[in-house]
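Visitor: I'm new to reading protein structures. Could you walk me through one?
Guide: Happy to! Let's look together.

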Amino acid sequence: MRKIEIIFIFSLCSKVLAETLIIDGLGNEEVLKKIKEVIKDNVILSKPENFTNKIEIYNLVILLGDKALELYTKNKWEKPCIVGYVKKPVYEIPITGTGLRYELPPSVLFTIISTLMKWVKKVGVILPYEFSQSNYVEELRRAARNFNIDLKIVFVQGRAVKKALSELNNIDLFLLVPSDLTIDENSSRYFIEELLKINIPVFGFEKSHALMGALMSYSIEKVYLKELLDIITLVSEGRDPSTIPVRYPSTYEIFIKKKTRDILKLNIDKSTFKNINEI
């Protein structure tokens with residue numbers, strides 16, 4: 001009798017351990033569908049604001065979106081995880097996991113700037129104060145130094161963004177970095193429109209920014225999901241997430257706003273880049 005009872009408990013535990021939890025702060029059904037297709041475990045789905053279970057019972061956790069990673073970090077969980085669609089670079093992916101960042105690394109950003117816009121010598125950035133000690137800011141500064149570009153970062157804490165903008169009136173280009181100040185479409189539009197009033201071009205991080213009037217922007221949408229699915233597949237096949245390096249997108253598109261370029265009479269050298277679109 002005791003033997004049967006032990007077997008039953010083992011069977012039950014095995015079933016629980018074969019479940020993957022997706023904490024979905026993204027809300028994209030197509031993304032969820034494709035992720036589920038490559039996971040071998042049973043999938044449990046939860047929104048960040050609704051999650052109440054013990055995370056220890058799951059075999060793996062997939063975090064989609066900034067709110068999901070914020071929840072994971074706030075609770076100091078150490079469960080193996082895969083992170084995707086987190087746009088704020090200030091959030092670090094846990095050492096117990098892996099994932100794909102949603103923005104290009106600073107080294108690539110400054111490569112694009114120095115190659116396509118050789119006239120750029122001074123770049124300005126505005127960020128929330130909580131970014132000030134982040135690894136991302138250090139990467140920005142290092143990349144700027146490597147390309148001999150003067151980088152000025154203004155951190156906003158308890159003061160109006162408009163005042164921060166006034167400190168950047170002598171720059172050649174404004175770099176729009178994903179943060180609480182710029183993720184929202186209306187906020188991004190505000191930066192682009194205000195800077196254009198004083199003839200300062202903007203380099204954005206979404207195609208929509210070029211449509212709004214930014215001189216240039218990049219997009220990773222076409223390849224992002226494929227690269228994230230590659231990571232999920234590796235883990236589903238048995239790889240430990242913590243042994244897979246965190247990736248940046250390897251492919252991207254560049255969009256140039258022709259009207260803004262012509263109004264500001266700026267030269268963009270397109271000869272060395274193939275993935276450029278004029279809009």
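Guide: Let's begin with a word we'll need: two residues are in contact when heavy atoms lie within 4.5 Å. Keep in mind that this is a predicted model.

Visitor: What do the buried residues of α3 pack against?
Guide: They pack against three strands: β1 (19-24), β3 (60-64) and β4 (81-84).

Visitor: Which residues of helix α3 are buried?
Guide: An α-helix has 3.6 residues a turn, so residues three or four places apart point the same way. In α3, which covers residues 66-74, the buried ones are Asp 66, Ala 68, Leu 69, Leu 71 and Tyr 72. After the helix comes Lys 76, with a positive phi near 55°.

Visitor: Now another helix. Why does Glu 194 count as buried?
Guide: Buried means under 20% relative accessible area. Glu 194 counts as buried because its relative accessibility is 17%. You'll find Glu 194 in helix α7 (residues 185-197).

Visitor: Which residues does Glu 194 touch, leaving aside neighbours within four places in sequence?
Guide: Those are Lys 162 and Leu 165. The Glu 194 side chain also makes a polar contact, at 2.9 Å, with the side chain of Lys 197.

Visitor: And what about pockets? What volume does the largest pocket have?
Guide: About 230 Å³. Its lining includes Asp 66, Lys 67 and Glu 70, along with Ile 183 and Glu 206. Sorted by class, that lining has six charged, four nonpolar and two polar residues.

Visitor: How is the second largest pocket lined, by class?
Guide: With five nonpolar, four polar and two charged residues. Among them are Thr 20, Leu 60 and Pro 80, and the volume of this pocket is about 160 Å³.

Methods:
Residues are numbered from 1 along each chain as its sequence is written. This is a predicted model: local features need pLDDT of at least 70, side-chain atom pairs count only at pLDDT 80 or more; totals for chains, interfaces and linings use all residues. Side-chain values use heavy atoms; hydrogens and water are left out. Buried means under 20% relative accessible area, exposed over 50%, partly exposed in between (1.4 Å probe, protein chains only). Helices (H or I, at least four residues) and strands (E, at least two) are DSSP runs, numbered from the N terminus. A polar contact is a pair of N or O atoms within 3.5 Å; within protein, one must be able to donate a hydrogen and the other to accept it, and residues adjacent in sequence count only if both atoms are side-chain atoms. On a 1 Å grid over the protein atoms alone, a cavity is a set of points where a 1.4 Å probe fits but cannot get out, and a pocket is an open set with protein on both sides within 12 Å along at least five of seven lines; lining residues have an atom within 4 Å of a point. Grid points are joined across faces, edges and corners, and a volume is the space filled by probe spheres set on the points. Ala, Val, Leu, Ile, Met, Phe, Trp, Tyr, Cys and Pro count as nonpolar, Asp, Glu, Lys and Arg as charged, and the others, Gly among them, as polar.
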